[in-house]
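Here is a short briefing on one protein chain. Look at the sequence and the 3D structure first, then read on.

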Amino acid sequence: MLDQFFSHISFVDIFNFCVFLAFTICYTYQLYYVFVVLTRKPKKLVAKKNHRFAAVISARNESAVIAQLLESIRQQDYPQDLLDIYVVADNCTDGTASIAREHGARQNKMQVGKGYALAFLLEHIREEYPQERYDGYFVFDADNLLDPHYVTEMNKVFSNGNRAVTGYRNTKNFGDNWITAGYGIWFLRESEYLNRPRDYLGTSCAVSG
């Protein structure tokens with residue numbers, strides 16, 4: 001009977017079980033993070049100073065959404081004289097560049113690719129605006145939207161000695177379908193039950209894009 005059972009187990013079944021077991025072991029430690037969140041109170045941070053920031057955005061054919069992001073940056077409760085916006089229009093064939101200019105962004109256009117575009121943008125910020133001295137940079141996707149207190153809260157964390165900071169993300173269209181809802185739940189898990197407990201424990205957080 002046992003021989004018949006094992007004869008029906010294929011190599012694929014064994015491989016799948018091993019992968020399942022490996023992932024289970026690798027993720028089990030995160031149960032401890034749930035305990036940390038439930039037993040510790042959030043840190044109350046006070047900004048030691050208001051830092052000067054630049055928001056850098058790489059956009060390619062994002063005319064349908066980029067204006068909303070730029071408006072949300074300009075509606076921050078953070079001092080606007082300490083917050084500049086730069087947009088690199090990455091080989092756009094629509095009105096992305098002109099929309100960015102209308103909202104006060106500084107715009108450049110060069111070769112294809114987000115990584116190259118951001119590197120190009122940062123290089124030219126230093127070359128073309130040497131008088132500007134930024135303490136930190138925000139990197140946004142063109143379809144992002146910011147809470148009005150976003151920069152203020154990020155400044156509190158940054159001014160308390162953190163060199164790289166990530167915030168809570170959610171989906172703009174959570175209720176559209178099960179896929180968007182799934183993304184929203186995943187972002188919630190990442191923020192509340194991965195990055196928050198790691199912050200409490202003084203370890204590195206996961207920065208994803």
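Surface patches are made of residues with over 30% relative accessible area and no salt bridge; like charges are joined within 9 Å, and nonpolar side chains (Val, Leu, Ile, Met, Phe, Trp, Tyr) within 5 Å. A salt bridge is a side-chain nitrogen of Lys or Arg within 4 Å of a carboxyl oxygen of Asp or Glu. This is a predicted model: local features need pLDDT of at least 70, side-chain atom pairs count only at pLDDT 80 or more, and totals for chains, interfaces and linings use all residues. Residues are numbered from 1 along each chain as its sequence is written, and side-chain values use heavy atoms, with hydrogens and water left out.

**The nonpolar patch**
- F11, V12, F15, V19, F23 and Y27 make a nonpolar surface patch of about 650 Å². Accessible areas come from the Shrake-Rupley method with a 1.4 Å probe; for residues, only the protein chains shown count as cover.
- F23, one of these residues, lies in helix α2 (residues 11-28). Helices (H or I, at least four residues) and strands (E, at least two) are DSSP runs, numbered from the N terminus.
- F23 is exposed, with a relative accessible area of 51%. Buried means under 20% relative accessible area, exposed over 50%, and partly exposed in between (1.4 Å probe, protein chains only).

**The whole chain**
- The protein chain has eight helices and four strands. From the N terminus, their order is α-α-α-β-α-β-α-β-α-β-α-α.
- Of the 209 residues, 32% are buried.
- The accessible surface is about 13500 Å², and carbon and sulfur atoms account for 59% of it.

**Strand β1**
- Why is strand β1 (residues 53-59) largely enclosed by the rest of the structure? Because seven of its seven residues are buried.
- Both faces of β1 are covered. F53, A55, I57 and A59 are buried on one side, and A54, V56 and S58 on the other.
- β1 pairs with strand β2 (residues 83-89) in the parallel sense, over seven bridges. Two strands pair if DSSP finds at least two bridges between them.
- L83 in β2 is the bridge partner of F53.
- β1 also runs parallel to strand β4 (residues 136-140), joined by five bridges. There, I57 stands opposite F140.

**Around Y150**
- Y150 is found in helix α7 (residues 150-158).
- Leaving aside neighbours within four places in sequence, Y150 is in contact (heavy atoms within 4.5 Å) with Q76, F138 and F140.
- Y150 and Y78 are 72 residues apart in sequence, but 8.6 Å apart in space, C-alpha to C-alpha.
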